[in-house]
Amino acid sequence: MKSFSKIQNQVTIIQAVAGSGKTTLLKNVLKEARTTAGLTKEQILFVTYSRALAKELREELGDLARVTTLHALGLSLIRQNLEYFSFKKIPKRAKNNKDRDLFLLVNSSVTPEAVLKKFYRKREYKGQFTGTVCRELSIPNNLGKTLINRVNQRKREENVCSYADMIRLGSTVCQAFLKKKEISFDAPRLLLVDEYQDFNAIEKRFVLRLINISETSLVVGDDRQAIYSFKGASCGAVRKLAKKLPESSYTSLDHTYRLTKPTAALVNACPDRKKYPIIKSSKEGGIPFYHKSPSRELALDAVAKKIKNLIDQGGRPNEIAVITRFKKDFRQFTYFLSKHDIKIGVSDLPKDEENILQHFLAFSEAVLDLNNKKLKDYLEYYYGLNEKQAQEVALSCGVVINRQLLNIDDKTATKCRRVLNGVSDLRRSLSFDKLKRTFKERCQGKVDAYHHLGITSILNRYGLLINFGNSVKDVLVKLKMFLDNPERDGIYVGTQHKAKGKAWDHVFLIDVFDENRNPLTKNWDRNSELNLFHVAITRPKQRLYLFFFEEYQAVDSTINTKKKRIKNVLTSFLPKESFLLENCEVEVIG
């Protein structure tokens, strides 16, 4: 482990494998800098990729350092230098969709909309440089600069800035500071950067300029965990930074404190590992488990049974995780969990499902409240009515809505009328079955209601459905407790992206076949998919469970609009099956 005294007055770049204690190293260096070197909070800048980690570190470190994301730092520098950027006052933050609409509106007369959309996505969402975008789209550099100048001028007039603007303008402040221009900026003496591999091109330029103005810099990352290529992150970022800064000290942390020896051996046996450190482990533990069955149904039922056995033997549910590639996979799987009475942690409830449950709860409370106060609140929140409109519409429950008097458009009036008719009908004759059916038909609509986001499917998935003979109030009490208790003891079920940065004792992968990562689809990126799989298999602290089923899958193809049916093949991201049969506990069905 590096100490502050060993890295002082230089740039240190560390390639750290999963579970090697990257963030712990940064925290230890920070604490040593405060105690031995006497640096103050204002002189230490700790930059990390995600807001969640930044918040967690701020709570833990307190006043030891300035902990921030690059976006928050950029916005802070803009606020300190309003006059330099020609802002009249502190700019408002424009969300991506509004910023995109403004870009298209301002430049609609300059070039076709299709080109503008591609240009915006590459430059603003993926964080590419303007010259790179122009080359990829085969448009002149002057045209690209014109598009940017026009929209920037409008942004100054409307006093707004996008998230990409925060990065670019914050980086500009660093560059101006280097050139000794009149700028307001307290340059850090110690710069700590975590998860460097997740940054896109303009974010990496911002970090590089921060390094150039800092006395001491420590940058930590793991190229094997670069999984945000869809946001512009590139593979090999840590190694490339070391090459860009030849005078820096480049080293690696290759000892993991998380993975057991057998799991580390399996990870090291995976393909395409030549460029990365071999993971070393001295931790004893169980060997990985490999299951093979002929169908999805048998495999998912076997996963649920295995989890049930772990819990029955004293395993803690919140130390068990089921990780999949896509949301659709774990939504199918949750049926088998409810079948075996296994609870899922509500803290990991997908946002779209949580929103529907909250909507259903609000609608149900509006039905039960005969004073119509809950109905008024419901109409305000879900249908965008103001307080006066919502009050009048709620009072007209069962009566024709006077939309002209209330100044409500036809579409909103129709939606409100459908809901009010449903509420009136339910108040005359109420049952839980009828409540679900009315919500599905009148509030959800056809798109969600007849797929995995249907209210009945979600309630079933999380074990919230009880017999219809019980009162509606009992069901709603159970639902409210489920939503109000984010720390409820239950297993984690989520995607590989969501699993990054977390660890559990037992980790189940239920889709280890290549057809779930189809190279025929337009967004296929082998390096990113390989890194994503690496993230998944390096989450367990005790044991890894791999479940594979041989079944024909319908696969999309960009070559042919029709779906192809292809038989599952064990993913090429794992070692060959002969290695698994020899080095894992094996269970074969059929």
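Modeller: In this predicted model, a residue is called buried when its relative accessible area is under 20%, and exposed when that area is over 50%.

Biologist: Is Asp301 buried or exposed, and what is its relative accessible area?

Modeller: Asp301 lies in helix H13, which spans residues 296-312. Because the cut-off for buried is under 20% relative accessible area, Asp301 counts as buried, its own value being 12%.

Biologist: Which side chain is joined to that of Asp301 by a polar contact?

Modeller: Leaving aside residues up to four places away in sequence, Asp301 touches Phe336, Lys339 and His340. From this set, the side chain that makes a polar contact of 3.0 Å with the side chain of Asp301 is that of His340.

Biologist: Where is Ala16 placed, and what is its relative accessible area?

Modeller: The UniProt record, an unreviewed entry, lists Ala16 under the feature "binding site", together with positions including Ala18 and Lys22. Ala16 sits in strand E1, residues 11-16, and, not counting residues up to four places away in sequence, touches Lys22, Val220, Gly221, Asp222 and Leu253. Ala16 is buried, with a relative accessible area of 0%.

Biologist: Which residues does Ala18 touch, not counting residues up to four places away in sequence?

Modeller: Ala18 is found in the loop between E1 and helix H2 (22-35), and at 1% relative accessibility it counts as buried. With residues up to four places away in sequence not counted, its contacts are Asp222, Gln225, Thr256, Arg258, Thr538 and Arg539.

Biologist: What is the area of the nonpolar surface patch that includes Val588?

Modeller: Val588 belongs to strand E16, residues 585-588. Together with Leu581 and Val586, Val588 makes a nonpolar surface patch of about 240 Å².

Terms used: Residues are numbered from 1 along each chain as its sequence is written. This is a predicted model: local features need pLDDT of at least 70, side-chain atom pairs count only at pLDDT 80 or more; totals for chains, interfaces and linings use all residues. Side-chain values use heavy atoms; hydrogens and water are left out. Patches are made of residues with over 30% relative accessible area and no salt bridge: like charges are joined within 9 Å, nonpolar side chains (Val, Leu, Ile, Met, Phe, Trp, Tyr) within 5 Å. Accessible areas come from the Shrake-Rupley method with a 1.4 Å probe; for residues, only the protein chains shown count as cover. A salt bridge is a side-chain nitrogen of Lys or Arg within 4 Å of a carboxyl oxygen of Asp or Glu. Helices (H or I, at least four residues) and strands (E, at least two) are DSSP runs, numbered from the N terminus. UniProt positions are given in the numbering used here, feature names are shortened, and annotations may be inferred rather than shown by experiment. Buried means under 20% relative accessible area, exposed over 50%, partly exposed in between (1.4 Å probe, protein chains only). Contact means heavy atoms within 4.5 Å. A polar contact is a pair of N or O atoms within 3.5 Å; within protein, one must be able to donate a hydrogen and the other to accept it, and residues adjacent in sequence count only if both atoms are side-chain atoms.
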